[in-house]
Amino acid sequence: MMSHFTHLILPTFLVSACVCLLILATKSLHMKFAHRRADTSAVQAAHHTPTPRIGGLAILATLPLIALLLPPDAAPRFGLLVVSLFPVALAGFAEDLGWHIRPRNRLLAAIFSSLIAITLLGIWISHVDIPGFDTLLTWAPLAIAFTAFASAGICNGFNLIDGVNGLSSSVGLVAAGSMAMIAHQAGNVPLTEINLMLIGALLGFFVFNFPLGAIFLGDAGAYGLGHILSWLAISLMIRVPEVTPWAVLLIFFWPIADTFFAIYRRRIAGRPTDQPDRLHFHQLVMRALEITLTGRKLRRLTNPMSTVVMMPLFTAPAIAGVLLWDKPGWASVTLFAFGCLFVATYGIGLTLAQSKRLRPDCFRMRAQMLAAEWTTKAAPRHN
């Protein structure tokens, strides 16, 4: 069994790692684009040194290889999924090269990619295990629209959490590993193998991204990873009807929770939802580490340390999703519990980020105060 897993993971790992090495070897040719984006001065920046942000190409480059390694009956459908990736990957890549694609347009590209996937694969989310809403989803146009927006939301979520070394790729590894375990338990060999090969691709990038941050995923990588993972999840729910959507939400809990909370706090602060800030969970963790342990001069340490601190937080919901993959009742209750824990933990992080000594205050006032302080230099082209 272990040799079979190695046979699946090793090829994509090697291809991904080689592409990362190629990107680093040609750094002088494309770093001018990173300078043009002014990444290090962006309001949400968590690093000080200009760094290649096209590392997502390493993961995307493995997708044709995955299609070649799949059994003949599964390869064509995965190939169609890869085709659907082009609009959102191109929009993200254009942003990575400094063409300043607005967040709204990148989100539209993600929706367009999802609509292409729906058209080519002929599948969409048909149930969410919510009485009444499942009845509404029997109407295909509504179900298709819901699926497109849900997949685009996951894409956007992976882009939002791509702020410190190793975080987005770690969440991707956990998601792919979780779906591989569920597919294996359900006896779905193609989905098991696809997720295992995707793990290899992510690991090939991860060793260069964590802990030193020699290369970044970039928008193309983050959006592309979110698209592929979300559609593997949709395929899992379609091919294995026993899989409850609540378990899938647990697997993708972190990018979903961060996205919804970003929308919420920006709205109550009276700002556009696509305007960047420094109030994402990973940014609060990093700031809390700087305040309590290291100071701001050791960001090379606190940046990857933030991912390590957060690992139990984004791994635990995914583990619950694997354990409760066919138990909708328990999975929904567990999701609610993790949601409450996220909000409570975020409140603690926000308090630490603001000051060591804070008088009691409401969330609205704290969010508005920090938003005013940390977004005065925000560039609307970033998210």
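1. A word on terms before we start: contact, or touching, means heavy atoms within 4.5 Å. With that in mind, Ile116 touches Ser84 and Pro87, leaving aside residues up to four places away in sequence. Ile116 sits in helix α7, where helices (H or I, at least four residues) and strands (E, at least two) are DSSP runs numbered from the N terminus. Between the C-alpha atoms of Ile116 and Ala148, which are 32 residues apart along the chain, the separation is 9.4 Å.

2. Some ground rules for reading along. This is a predicted model, in which local features need pLDDT of at least 70 and side-chain atom pairs count only at pLDDT 80 or more, while totals for chains, interfaces and linings use all residues. Residues are numbered from 1 along each chain as its sequence is written, and side-chain values use heavy atoms, with hydrogens and water left out.

3. Now the overall picture. The protein has 18 helices and zero strands. Of its 383 residues, 56% are buried; here buried means under 20% relative accessible area, exposed means over 50%, and partly exposed lies in between (1.4 Å probe, protein chains only). Among contacts with a separation of 6 or more, 76% come from residues 24 or more positions apart. The exposed surface comes to about 16600 Å², with 71% of it supplied by carbon and sulfur atoms; accessible areas come from the Shrake-Rupley method with a 1.4 Å probe, and for residues only the protein chains shown count as cover.

4. Which residues touch the most other members of the largest nonpolar core? They are Phe78, Leu229 and Phe252, in a core of 103 residues. A nonpolar core is a set of buried Ala, Val, Leu, Ile, Met, Phe, Trp, Tyr and Cys residues joined through side-chain atoms within 4.5 Å.

5. Ala75 belongs to α5 (residues 75–84) and counts as buried at 16% relative accessibility. Leaving out residues up to four places away in sequence, Ala75 touches Ala67 and Leu70. The C-alpha atoms of Ala75 and Pro64, 11 residues apart along the chain, are separated by 9.5 Å.

6. Next, the largest pocket, with a volume of about 1300 Å³. On a 1 Å grid over the protein atoms alone, a pocket is an open set of points where a 1.4 Å probe fits, with protein on both sides within 12 Å along at least five of seven lines, and lining residues have an atom within 4 Å of a point. Grid points are joined across faces, edges and corners, and the volume is the space filled by probe spheres set on the points. The lining holds 49 residues, of which Ala150, Gly153, Ile256, Thr259 and Phe260 lie nearest the centre of the pocket.

7. Which helix gives the most to that lining? It is α14, with 11 residues. Helices that each supply at least two lining residues include α9 (140–160), α12 (218–239), α14 (253–268) and α17 (328–354). The lining divides into 35 nonpolar, 10 polar and four charged residues, taking Ala, Val, Leu, Ile, Met, Phe, Trp, Tyr, Cys and Pro as nonpolar, Asp, Glu, Lys and Arg as charged, and the others, Gly among them, as polar.

8. Gly339 is in helix α17 and is partly exposed, with a relative accessible area of 25%. The C-alpha atoms of Gly339 and Leu250 are separated by 9.8 Å, and these two residues are 89 residues apart along the chain.

9. Last, some backbone details in the loops. Phe210 and Pro211 are joined by a cis peptide bond, with omega about 5°, and Pro211 is in the loop between α11 (189–209) and α12. His100, in the loop between α6 (86–96) and α7, has a positive phi of about 60° although it is not a glycine; His100 is partly exposed, at 36% relative accessible area. Asp129, another residue other than glycine, has a positive phi near 60°. Asp129 lies in the loop between α7 and α8 (133–136) and is partly exposed, with a relative accessible area of 28%.
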